[in-house]
Amino acid sequence: MSARRFTSLLVAWAALWAGRGLAAQTSAPAAPKCDTPEYRQLDFWVGNWDVTMRGRTAGANLVTLEERGCLVHEHWTGAGGGTGQSFNFFNRDDGAWHQVWVSSSGNVLNLTGHYADGTLTYLGENRRTDGTVLRHRLSFHANDDGSVRQLWETSSDSGATWTVSFDGHYTKRKG
């Protein structure tokens, strides 16, 4: 066999082999998307909201859907000037919702939750400066009139009793 013929065969074999690799790469399963029903369970909270508590203005909340529907991003502005943001996401690995909240005062909450009966309920805890553990329970519920209720309760006795920290009523902003 001539060197020229051998080189031609080698080039043809390399092209064929490379083509097989490309075919294998293009036939790989598509990356997962966030389009299953679980990812849509908190969509009722997406919007631009006026928030009241006991009839008084508590603040405003812009809640957006980000990262191709994989992230519910909260932008809170309290009536007293405080701000905060949360990232809310469904994690397919553990089948749970997660919220990471960070306020302008440096407070951080990491919560884990589940959706049932039209309500997403998060649970989490943090330590106070005196070392005691404070448990948090936040629930989000879509009301029939299009408004949303967020109920935030805390417990300092391992969940034996709960105190309401925030009972917010969200109504869509006009305009």
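1. F89 counts as partly exposed, because its relative accessibility is 27%, where partly exposed covers the range between buried (under 20% relative accessible area) and exposed (over 50%), computed with a 1.4 Å probe on protein chains only. This is a predicted model, in which local features need pLDDT of at least 70 and side-chain atom pairs count only at pLDDT 80 or more, while totals for chains, interfaces and linings use all residues. Residues are numbered from 1 along each chain as its sequence is written, and side-chain values use heavy atoms, with hydrogens and water left out.

2. F89 belongs to strand β4, residues 83-91, a strand being a DSSP run of E with at least two residues, numbered from the N terminus. Setting aside residues up to four places away in sequence, F89 touches C70, L71, A96, W97 and H98, contact meaning heavy atoms within 4.5 Å.

3. The strands β1-β2-β3-β4-β5-β6-β7-β8-β9-β10 form a closed barrel of 10 strands with antiparallel pairing, where two strands pair if DSSP finds at least two bridges between them. Strand β1 (residues 47-53) and strand β10 (residues 163-172) pair in the antiparallel sense over 4 bridges, and V51 stands opposite Y170 in β10.

4. Q150, which lies in strand β9 (residues 148-155), is buried, because its relative accessible area is 7%. The side chain of Q150 makes a polar contact with the side chain of Y170 at 2.6 Å, a polar contact being a pair of N or O atoms within 3.5 Å, of which, within protein, one must be able to donate a hydrogen and the other to accept it, and residues adjacent in sequence count only if both atoms are side-chain atoms.
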